[in-house]
Amino acid sequence: MNELLELVRKNGRETSENLAKMLGISEEEVMNQLEALEADGIIRAYQAVVNEEKLDHSLVTTVIEVKVTPESEGGFDRIAQRISRYAEVESLFLMSGTFDLLVFIKGRTMHEAAQFVSEKLATMAGVTSTATHFMMKTYKLNGIEMQSGEDDERLQISP
Amino acid sequence: MSGSKSLHDRIARTVREIPRSGIRDFFDIVSTRKDVISLGIGEPDFVTPWHIRDAAARALDRGQTSYTSNMGLLSLRRSIAAYVAKKSGIEYAPENEVLITVGVSEGLDLAIRALIEPGDEVIYHEPSYVSYNPIVQFAYGVPVAIQTKKENGFRLTRDELEAAVTPKSKLLLLNYPNNPTGATLSREEVEAVAAFAIEHDLIVLSDEIYDELTYDDDHYSIISVPGMRERTIYLHGFSKAWAMTGWRMGFTCAPPELTEAMMKIHQYTMLCAPILSQEAAIEALEQCGSDVERMKQEYMRRRNFMRASFEEMNIPCIEPSGAFYAFADVSQFGISAHQFALDLLEAENVAVVPGTAFGACGEGFIRCSYATSFDRIQVAMERIARFTESLS
Ligand SMILES: Cc1ncc(COP(=O)(O)O)c(C=O)c1O
C-alpha cells in the first residue's frame, strides 16, 4: 500500500497500467488499493505542481504567522476552521513555537494579500497578532525542483 | 622519409590487433543522430547524492589538493574494510589489504598485470564487460572465454568451468551481478564456483561492482566462502550504486602479498587516486545508506516495468535480478542483434546495445539499460513494441 502511495505522490497522473507494471501487481489490484486510499480519506486529491514564475499572471504566495487565543472548548480547531474557509487560504497548519497558526494564501498582488490580512484575518475574534511574509522565489515545491532543467549529459552509449 | 614505417606499423602488435570496442562502434553511429532515447547507457542517470558532492567541495575549500599515500587515504581504507566486513563477514586489514584504485577499471588492470605472465590463461565468462578480454591481452595473457548459455540464464556452471580449465589456467575472472545480462548467482552457485577454484588452485578475480544492486535476493560474495579469502582479489567501486562514475573511485581487497604486488604497479603508473574523489568516497560510505536504497528502489520499479513490457511483447528476458540491465532475446525476429539494434535506431530512434558487443554468445540479444528516467523508458518500450510489431 505504501509503495503505491509513494508513486502517486510523485506522479498523481501515472496510469494504473504503469503502476501495476512497476510494482509487479495487477492493474485491478492497483485500482482497488487506490479506491481504498481514496475512500479512507488518505488520498484527498490529485493536483498539478505549477511553476508560477513561468506564468504571465503569476499568483503571489504570502505566508502569515498568526497568534490566537485558544478557546476553552475546542482549542484552536474552531478558529482554524473559520480561517480555512476563505478561498484565498491555500494551506493552514497548527504550529508549535512562538506563534500558533501558519497560513499560506495566494493572491494576484501583494496588495490583495495585505488587504486580506488587515481586513479579514487580523480583525477576526481570537486573533491577537499576525506577521506577514511574501514569498520571493520558489526553488523547490512538493519535492520538485523549480529552477533547474532536466539535462542528461551522459554519453549516449557506454559499456 | 622514404623507407620509414608508417605510424600504424609502429604501434605495438598487441594493441594493433585488438579490435575497437563494439560499444564504441555503436556509439559512433548513435551519436550522429538527434533526440535518441538511449537504453544503451551503462551508468546511473542519477547525479551523485548532494552530500557526497558537498564533501568533495569542502575538501577542495580546505585546500586538499595533494597526493595521498599510494594505497589511498587510510581513513577511506578503514571505512571500506568496515563496509566489506559488514556485507560479507570477511575482514581485511586497512593497512595492507585494501588498495584504492582509479575505478574498478584500474583494479582489474592491476590484478591481471600483477599475476599474469605471457601465456597464462585467464578464464572468464561471456557475455561480459567489454574490458576483460583486452586487459588480459595487454598483459600478454590468454583470455579463455566461457560462452555461458541462455538456457542457464547466462549463469556460469561447474561443467562449463571444467571444460575451460587447462594446466595453464591461472585466474578466474567472475562478474555477478553481471553486466550485460543482469544475471546473479545464488549462494549454491557461488559455492560451486569456489569449489572449482580451490580444486584447480586458481586465483579468483571477483568484479562485484554491482553487488548493491540486486532486486530479489541479497548478493552473496565469493569471499564469504571458506577458503576463498586467501585466493581472491575482490574488486568493487563507487561508480554504480553511489552514482559516482565520473569520480573514478574503486578499490581492491586481497591478501597482503597480492595487494603489495598490485600496489607496486599502481605506485609507478598511477601514483594514487585523486584526493577529492577519495574524500567524496569517505562521505559516501559513512553517510550514504539511504541514498543507495532510494536509487535501488527506483531501479527496481523501472526493472519491473521493463520486464512487464517485454513480457507483453512476448520477448523473453534473462531474469533481470541485478545491475541495471535487461538482456532481451530478440532472436525470434530472424535478424542479428546488431541488425536489430541498427533497424530499431533507424525506425524509432531508440538505442540499445547488441549483445554481441559483449561476446559471441550475446548474439540474438539486446542489452537495455534501465538506468534512465522512467518517462524515457516508457516511451522507449512503446517504440520497441511498435518496431517489433512491424517485424512480425
Ligand atoms: C562489470 C563492470 N566492471 C567494471 C566497470 C568499470 O567501472 P569503474 O567506473 O569503476 O571503472 C564497469 C562499468 O561499466 C562494469 O560494468
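Biologist: How many aromatic pairs are there over all chains?

Modeller: The count comes to 20. This is a predicted model. Rings pair if their centres lie within 6.5 Å.

Biologist: Why is the pair of Tyr299(B) and Phe324(B) called tilted?

Modeller: Look at distance and angle. The ring centres are 5.3 Å apart, and the limit for a pair is 6.5 Å. The planes stand at 50 degrees. Under 30 would be stacked and over 60 edge-to-face.

Biologist: How do you know whether Tyr299(B) is buried or exposed?

Modeller: Buried means under 20% relative accessible area. Tyr299(B) has 0%, so it counts as buried. Phe324(B) also has 0% and is therefore buried.

Biologist: Why is the pair of Phe305(B) and Phe374(B) called edge-to-face?

Modeller: Its planes are 70 degrees apart. Over 60 counts as edge-to-face, so the name follows. The centres of Phe305(B) and Phe374(B) are 4.8 Å apart.

Biologist: What does the pair of Phe305(B) and Phe374(B) tie together?

Modeller: Phe305(B) lies in helix α12 and Phe374(B) in helix α14, residues 374-391, so the pair joins parts 69 residues apart in sequence. Both Phe305(B) and Phe374(B) are buried.

Biologist: Which residues form one aromatic cluster?

Modeller: The cluster holds Phe46(B), Tyr210(B), Tyr299(B), Phe324(B) and Tyr325(B).

Biologist: Now a glycine. Why does Gly141(B) count as buried?

Modeller: Its relative accessibility is 10%. The cut-off is under 20%, so Gly141(B) is buried. Gly141(B) is in the loop between α7 (132-138) and β4 (142-147) of chain B.

Biologist: What does Gly141(B) touch, leaving out residues up to four places away in sequence?

Modeller: Gly141(B) touches Ile116(B), Gly119(B), Asp120(B) and Val136(B). Asp120(B) is 21 residues from Gly141(B) in sequence, yet their C-alpha atoms are 5.1 Å apart.

Biologist: How do you know that chain B agrees with a compact globule?

Modeller: With 392 residues, such a globule would have a radius of gyration near 21 Å. Chain B has 21 Å, so the two agree. Its C-alpha trace spans about 60 × 60 × 55 Å along the principal axes. Of its residues, 58% count as buried.

Biologist: How many helices and strands does chain B have?

Modeller: Chain B has 14 helices and 12 strands.

Terms used
Residues are numbered from 1 along each chain as its sequence is written. Chains are lettered from A and ligands numbered from 1 in the order in which they are written. This is a predicted model: local features need pLDDT of at least 70, side-chain atom pairs count only at pLDDT 80 or more; totals for chains, interfaces and linings use all residues. Side-chain values use heavy atoms; hydrogens and water are left out. Helices (H or I, at least four residues) and strands (E, at least two) are DSSP runs, numbered from the N terminus. The radius of gyration is taken over C-alpha atoms; the globule rule is 2.2 Å times the number of residues to the power 0.38. Buried means under 20% relative accessible area, exposed over 50%, partly exposed in between (1.4 Å probe, protein chains only). Contact means heavy atoms within 4.5 Å. Rings of Phe, Tyr and Trp (its six-membered ring) pair if their centres lie within 6.5 Å; planes under 30 degrees apart count as stacked, over 60 as edge-to-face and the rest as tilted.
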